[in-house]
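Here are some notes to read alongside the model. Take them in order, and keep the viewer open as you go.

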Amino acid sequence: MPKQNPPGEPVKRLHQGPRPLPLHMAVQTLMWMSSHAALPSLRNGSINWSPRLARKAASLQRSLQKADPEQFAAALEDQARQRLAAFADGVLGYRAMPLSIRPPEPPAVWRGGTTRLLDYGAISGKAKNGPPLLIIPSLINRSYIVDLTERRSLMRYLSSRGYRPLLVDWGETGADERNFTLDDYISGRLTDALTAAHDLSGQQVTVLGYCMGGLFALALAQLCPDPVGTLVLLATPWDFAGMDPGKIRMLRAMMPGLDEMLELGGVMPVDVMQAMFASLDPQLTPRKFQAFAAMDPQSEPAREFTALEDWVNDGVPLAAAVARETLGGWYVENTTGRGRWRVGGQNIVPENITVPTLVIAPKRDHIVPPATVIPLGQKIAGATTLQVDAGHIGMVVGSGAQKKLYEPLVTWLDVNIR
């Protein structure tokens, strides 16, 4: 990652994605080659379809009986070439785009190791003394997803509405952080950041966590109840029994190999994590770049696509112990949903939360399925659960983010804080 520019200057980053590119290219090539190879089996009905596809498969097979075999095979090959070419064109077009220029950063009001607390209240005069919000993003990706562009920024919207957003920017995994556990991040770094946020205003703090950061926020609210006035959990997984069982079985089988890699390298590399995310929906990246290939590179949608993809591929390596606790503990063993996740010497359980809480679950989230999130709203007494018609990332930076997330969030904050 390039060095931070001095305060007030735009920050530029190189296009790195889609990562890992060899994997994406290989998956696309193999998929279309296998489609051609599977054609004879499709015609004679020997493919063992999953039950949910059986009806469509039967209809497809009947249609194939009417098609000329040679013409259909040629059309299939032509379609495969077109889609592969569109994907390649999209990648090349993205990499030829001008570098994304991010909005100037606000000042840091606290630092601990590589972690900073960025004061977005400083960008709006009426927000400087507003109710403080401690915003906790995931460790896996950079924090600027909540301040992607001037137009797509949850931070700037909250500031414009009179709140004082204080963003936890995790920064790099430095020499000290390579040895961190989740407990070090939550009981150490976040506890100190919460104290700093409280001391700035003398008011109770709203703690808002996004994705992995939501679990951090939940633990922080249990460990430090006095300075926390309200809690907001965005796309926060809790009961990992709601994940796809097949993917959990695959991850369980991968853990010995991952553990050996973590032992040797000390961190979970970004490209390994990107590959794991890609496995959740192997066609997502090709669809995105095929669509981008058809965009006008001078258009606003093309620039916004570029900014978002730059963020998607600008990951941070995870410390080995953190990777083991999250992948092996949360996902494979479901330590959270079973009430066995321990932080600061305590079992973290939603029933211990007594402050007003808002749980937000995106309906179209393939990274954190709603079934993993909704149990939080059921376990926290008096919690409000809001389901929004969006995906995991689109909820925060999509074209409809203001209507779907920003405005309902502020409405809830206005009622429960002011």
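Which residues of helix H11 (residues 320–332) are buried?

1. The buried residues of H11 are Ala320, Val322, Ala323, Thr326, Leu327, Gly328, Gly329, Trp330 and Val332. Buried means under 20% relative accessible area, exposed over 50% and partly exposed in between, with a 1.4 Å probe and protein chains only. Helices (H or I, at least four residues) and strands (E, at least two) are DSSP runs, numbered from the N terminus. The cover over these buried residues includes H5, H6, helix H7 (245–265), strand E9 (267–268), helix H8 (270–280) and strand E10 (318–319).

2. A word on what you are looking at: this is a predicted model, in which local features need pLDDT of at least 70 and side-chain atom pairs count only at pLDDT 80 or more, while totals for chains, interfaces and linings use all residues. Residues are numbered from 1 along each chain as its sequence is written, and side-chain values use heavy atoms, with hydrogens and water left out.

3. The axes of H5 (residues 182–201) and H6 (residues 212–223) come within 10 Å and cross at roughly 70°; axes are lines fitted to C-alpha atoms, for helices over the stretch in contact, and angles run from 0 to 180 degrees between N-to-C directions. H5 and H6 are therefore roughly perpendicular (65 to 115 degrees). On the H5 side, Leu182, Tyr185, Ile186, Ser187, Leu190, Thr191 and Leu194 meet Met212, Phe216, Ala219, Leu220 and Leu223 of H6, where contact means heavy atoms within 4.5 Å. These residues divide into 10 nonpolar, 2 polar and no charged.

4. H7 and H8 make another pair to look at. Their axes come within 13 Å and cross at roughly 170°, which makes H7 roughly antiparallel (over 145 degrees) to H8. Here Lys247, Leu251, Leu258 and Met261 of H7 meet Val272, Met276, Ser279 and Leu280 of H8.

5. Elsewhere, helix H3 (residues 69–95) packs against helix H9 (residues 284–293) at an angle of about 75°, with the axes 7 Å apart. H3 is thus roughly perpendicular to H9. By class, this contact has 8 nonpolar, 4 polar and 2 charged residues.

6. Now for the core. The largest nonpolar core has 101 residues, and Ile136, Val207, Phe216, Trp341 and Met395 touch the most other members. Such a core is a set of buried Ala, Val, Leu, Ile, Met, Phe, Trp, Tyr and Cys residues joined through side-chain atoms within 4.5 Å. A second, separate core of 8 residues includes Val91, Met97, Ala302 and Phe305. Phe216 is also one of the H6 residues that meet H5.

7. Finally, some backbone details deserve a look. Most residues other than glycine have a negative phi, and most peptide bonds are trans. Cysteine 211 has a positive phi near 60°; cysteine 211 sits in the loop between strand E7 (205–210) and H6, and counts as buried at 15% relative accessibility. Just after H11, asparagine 334 takes a positive phi of about 50°, and asparagine 334 is buried too, with a relative accessible area of 10%. A cis peptide bond joins arginine 19 and proline 20, with omega about -15°. Proline 20 lies in the loop between strand E1 (11–12) and helix H1 (21–44).

How values were computed
Parallel < 35°, antiparallel > 145°, perpendicular 65-115°, else oblique. Nonpolar A, V, L, I, M, F, W, Y, C, P; charged D, E, K, R; others polar.
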